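Work through the exercises below with the sequence and the 3D view open. Try each task before reading its solution.

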Amino acid sequence: MKLNVDGLLVYFPYDYIYPEQFSYMLELKRALDAKGHCLLEMPSGTGKTTTLLSLIVAYMKAHPLDLTKLVYCSRTVPEIEKVMEELRKLMNYYEKEMGMEQNILGLALSSRKNLCIHPSVSKEREGKVVDGRCYSLTASFVRARHAADDAVPICDFYEGFDAHGKEFPLPPGVYNLDDLKEYGQMKRWCPYFLARHTIIHANIVVYSYHYLLDPKIAEVVSKEISKTSVVVFDEAHNIDNVCIDSMSVKITKRLLDKCSNSITILETTISNMKENDSKRLEKEYKRLVEGLRDATIARETDMALVNPVLPSEVLEEAVPGTIRTAEHFIAFLKRVVEYIKTRLRVQQVVQESPAGFLRDIHTKVCIDRKPLRFTAERLASLIRTLEISDLTDFSPLVTVSHFATLVSTYTKGFTIIIEPFEDRAPTVSNPILYFSCLDSSIAIKPVFNRFQTVVITSGTLSPLDMYPKILDFHPVIMTSFTMTLARPCILPMIVSKGNDQVAMSSRYETREDTAVIRNYGNLLVEVAAAVPDGIVCFFTSYLYLETIVSSWYDQGIIDQLQRHKLLFIETQDAAETSLALINYIKACDNGRGAVLLSVARGKVSEGIDFDHHLGRAVLMFGIPYVYTQSRILRARLEYLRDQFQIRENDFLTFDAMRHAAQCLGRCMRGKTDYGIMVLADKRFSRADKRSKLPKWIQEHLKDTNCNLSTEECVQICKRWLRQMAQPFSREDQLGISLLTLEQLQSEEMQKKIQQRAQGV
Amino acid sequence: MADEDETKEYRWESGYEKTWEAIKEDDDGLLESNVAELVARAKRKRAALKASGAIQLGMMRHLFVIVDSSECMFLQDLKPTRFLCVLKLLEVFVHEFFDLNPISQLGILTTKLKRSDKITVLAGNQKKHIEALQHLKDLSCEGEPSLQNSLERAMNGLKNMPAHSSREILVLFGSLTTCDPGDIQKTIKSLKDNNIRVSIIGLAAEVRICREIAKKTGGTYNVLIDDHHLKELILSQVQPPAVAGSIEASLVKMGFPGGTPTLNDGTSDSSADHAPAYCLCHIDSETSSLMGPNGYNCPQCGSRYCELPVECKQCGLTLVSAPHLARSYHHLFPIKPFVERAQVPDATHCFACAKLFVEAETNVYECENCNQIVCLDCDLFIRETLHTCPGCASDPVTAQMKTN
């Protein structure tokens, strides 16, 4: 249907539209008009993606000069594929309505692992190995060697692309990963490099967060994206953690041992080269003296090693004299590694600032800040000069060089923590050095500065006002949308006590209490008896899950549970978990019913949807606070308090509630779906927790359902499930939660939508 | 009953019944699934479905009723227990079923302890079924049910039934889980291949596999809201369903056995016909005794039966009596659906029951043939029970037309 969104003609590829989708478009359009950033929360299953795409494409068509490109960042490959499917639908609709081919090019980009079509390289299963092998076939020196000697293997697909692909741009259309591969096969061009090359002139680019947020990758891939772009971060509730992770480094003892090995390899290679081909080393030296950044850096295939700091921080100077020659640099690296090794030899936890670290390294091993800043770049240059084609072995050394560069570049917003052992196993010596980024705004700042509009959106962003604070930006629009429903298809409840009136809570003081554990068990058993098909339970941590399950076993609760449903447990092992998931789905499909016990913040809670019968109920046992004893977390809390005036408790609650909301949201994947959400902890009913739930959940959380006992909860479930099982057809939704064009344009509905937009 | 006293629950044992919520007015525009509204809607739907006259109905039905008798049937959310409530309603159902489908047959299975038990075989005698249902009341409910086992068993009973009959299974399923020995998808597939329609009534909540079975085999799946709704749902199964797929219209050979000895129809030699003989229905049971002269003889092979309708065990001929067929007649020529009208000013009262139309009643119904106006209740009554329009019947002209 064709919509009029505040004066903009929007083609919407479906015959019906949800009212909240229209409101979302209105808000988004306002943000685009203002050329500012925005923060939008809309429940999952309400067609966020298609709404975003149709509005932005329409905007691009109407204002081709103001808005040239859409960069859509998603988290996983399946999500990227979903976006591409929606985009394809939209473009088909445009074609049908306009009656001609659309001049819009949309494409997905993923890692080499997902795009490689080289017969043997693509068989590799690990991303790093694929990258390494690709590098060994396409690096410029390999190709130069091939030119001299045919026996040196190269990648035909890359050669094909290099020879022809650059002149002929990809014809307009929508290309997902498979389409790119197919196109690559047909033309015999490398799809990965084709996609990377095409990014510059594509209208719509869909890729993962890291291509924009991680300075190591962003520098290479996303450098040339123009300022007049709109950037969308979908599923962005964890965006601050992504930012932090991309700037943090973790160094273990084993890693350092591997570093020493790599250094030895480098050393021997250098001495070999000195005998055979000393010219090349000299050339490199000269280049470094002149301060020219390596001319070959323009060569796209040589991207394997890059600078970990943000572009604005990279020094445009010559490499300092102390590390210019290869031998000196090797000696320098050795000293750095040895120094870190000695630092790891600690008996108690050490926490210090980057400045303190720099002072210490200067007094102990006489290393200045400046050469340290160039470590990453110098190492990259060296490896290029040495023509080492297999990079996979050098990743530990690269990590250390990143650490060295980062620690000497940033003095604020980072901390160094050295722990001699893990808290859980204080007897086992396992020293780890964490170089931790405390400020999530550092990594995302260039994105906010560079692009005119950044859209941060997700199903669960509540409380909205926290994100502008921790990401340090000023949104022009900040809105949370609710879901209009023809029937109350979510049933959130807070269960605070068992049948014996003992309060249920995962508080530290009571979590070992058998009465609490038993009450949790009884709750699960009774819910399992009343709810059909699949039930997903979330615990606060793996440790807690294990203790609870073992005491349930002793109390006979597991046996009772298995009379109703099969039991599956998520573990830290990914393979085991996916096997459990497959069988869980099987058990739900054939009517046996199943319970999945998993962990908030785990793999299940983040990426897996339990739609329809796979998740008829979600139980949240306790509030998923992060492990508060962690020193990294405490350092971050302190930093947030000092820099952004965010109280520790506020942040902890915010973090816990957004994860709780994520877990709860797992069971709702659309308007025809329905699910029960049980929050089993007394503390959820407190105003500070409750008010931080997303608006679309809060709306259905009635006051009467905030302090229930187990049996009250089960009674409510039973009645509600019967109601939900009644036939529900599209006609019931029409006019309330699903609108035709006429209904949308009716005055009454327009008024409602206006009200909604103002109300928030 | 002695054990009924034991199972009788006290007020404080029963679930929370917030009766005031049923009449709650809805402010946020959500559809509160009001019981009354749902029932009315289901009624209209059913009437609408039946209305389209052209569909072929499977009048000759073979139906297996599978009753869940697992542990969860002892729950007391239906009074006195789910199991007793269901049995009671089934009695009504059996009665109604044979009333409306005289030439059909019915059998009853239960499932518990992961197994399936046969209670009655396919037969056309309602007394026997009702008796069996009454015996079932003393049965204990335990273990888990097995959908697959019971469906397989019913399928084995149905698959040899003649192709022109409608093969159906009705499952009353209280449990939320099923314990099956193998892949239930295979069972669903063979059910489909055998043209067996499975309808399921859930007593607790929507179970996906049930929905899938019903959808794939062309049956219906419903979940009750309360016992009234359950009755509504069970009785909706009384109406013969439209024939699924393409069963070709075929001529069915039927026998009309002679009635009482006094009414000799001359089909066979009368002295041999009425000599005392064993009834073939009861020949297997130990209590069988020589029958008197009463009974029905198969006109083809002369076997004696004590009741009709039945399929002759000897020669396979379907034996019915003429009144049985006549009673099924209205399925073949359902009355045309009445047209829904907004209140007509000149009609002040219902033609059928003479009730005055009040303001609250928004819609009235008009017969297209005789243009008489009736109220909603009468419309449903005519459709479901009477099967003939009082307006048309009382008008000599249309009454004539209809018989032609």
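**Exercise 1. Chain B as a whole**

What percentage of the contacts in chain B with a separation of 6 or more comes from residues 24 or more positions apart?

Solution. Begin with the conventions. The model is predicted, so local features need pLDDT of at least 70 and side-chain atom pairs count only at pLDDT 80 or more, while totals for chains, interfaces and linings use all residues. Residues are numbered from 1 along each chain as its sequence is written, chains are lettered from A and ligands numbered from 1 in the order in which they are written, and side-chain values use heavy atoms, with hydrogens and water left out.

Step 1. A contact means heavy atoms within 4.5 Å. In chain B, residues 24 or more positions apart account for 65% of the contacts with a separation of 6 or more.

Step 2. Helices (H or I, at least four residues) and strands (E, at least two) are DSSP runs, numbered from the N terminus. Chain B has 14 helices and 16 strands.

Step 3. A residue is buried under 20% relative accessible area, exposed over 50% and partly exposed in between (1.4 Å probe, protein chains only). Chain B has 404 residues, and 45% of them count as buried.

**Exercise 2. Salt bridges within a chain**

Solution. A salt bridge is a side-chain nitrogen of Lys or Arg within 4 Å of a carboxyl oxygen of Asp or Glu. Over all chains the count comes to 53 salt bridges.

Step 1. Glu327(A) and Lys274(A) form a salt bridge, with 2.0 Å between the closest N and O atoms. Glu327(A) belongs to helix H15 (residues 326-344) and Lys274(A) to helix H13 (residues 253-276) of chain A, so the pair ties together parts that are 53 residues apart in sequence. Glu327(A) is partly exposed at a relative accessible area of 35%, and Lys274(A) is partly exposed at 43%.

Step 2. Asp655(A) and Arg658(A) meet in a salt bridge of 2.9 Å, N to O. Both lie in helix H28 (residues 648-665) of chain A, 3 residues apart, about one turn of the helix. An α-helix has 3.6 residues a turn, so residues three or four places apart point the same way. Both Asp655(A) and Arg658(A) are buried. They also belong to a network of salt bridges that links Asp240(A), Arg601(A), Arg636(A), Asp655(A) and Arg658(A).

Step 3. In chain B, Glu168(B) and Arg61(B) meet in a salt bridge of 2.7 Å, N to O. Glu168(B) is in strand E4 (residues 166-173) and Arg61(B) in strand E1 (residues 61-68) of chain B, so this pair ties together parts that are 107 residues apart in sequence. Glu168(B) is buried at a relative accessible area of 3%, and Arg61(B) is buried at 1%.

**Exercise 3. Where the chains meet**

Describe the interface between chain A and chain B.

Solution. 

Step 1. Count the residues: 32 residues of chain A are in contact with 35 residues of chain B.

Step 2. Take the area. Buried area is the accessible area (1.4 Å probe) that two parts lose on being put together, summed over both. Chain A and chain B bury about 2800 Å² between them, 46% of it on carbon and sulfur atoms.

Step 3. Look at the charged pairs. There are 4 salt bridges between chain A and chain B. In one salt bridge, the side chains of Arg592(A) and Glu144(B) are 3.0 Å apart, N to O.

Step 4. Locate the elements. On the side of chain A that touches chain B, helix H22 (514-530), helix H24 (557-564) and helix H31 (710-724) each supply at least two residues. H31(A) gives the most, with 9 residues.

**Exercise 4. Backbone details**

Solution. 

Step 1. The bond from Lys79(B) to Pro80(B) is cis, with omega near -5°. Pro80(B) sits in the loop between E1 and helix H4 (82-100) of chain B.

Step 2. In chain A, the bond from Ser462(A) to Pro463(A) is cis, with omega near -10°. Pro463(A) is in the loop between strand E13 (453-458) and helix H21 (466-471) of chain A.

Step 3. Gln645(A) has a phi near 55°, a positive value in a residue other than glycine. Gln645(A) is in the loop between helix H27 (631-644) and H28 of chain A, and counts as exposed at 61% relative accessibility.
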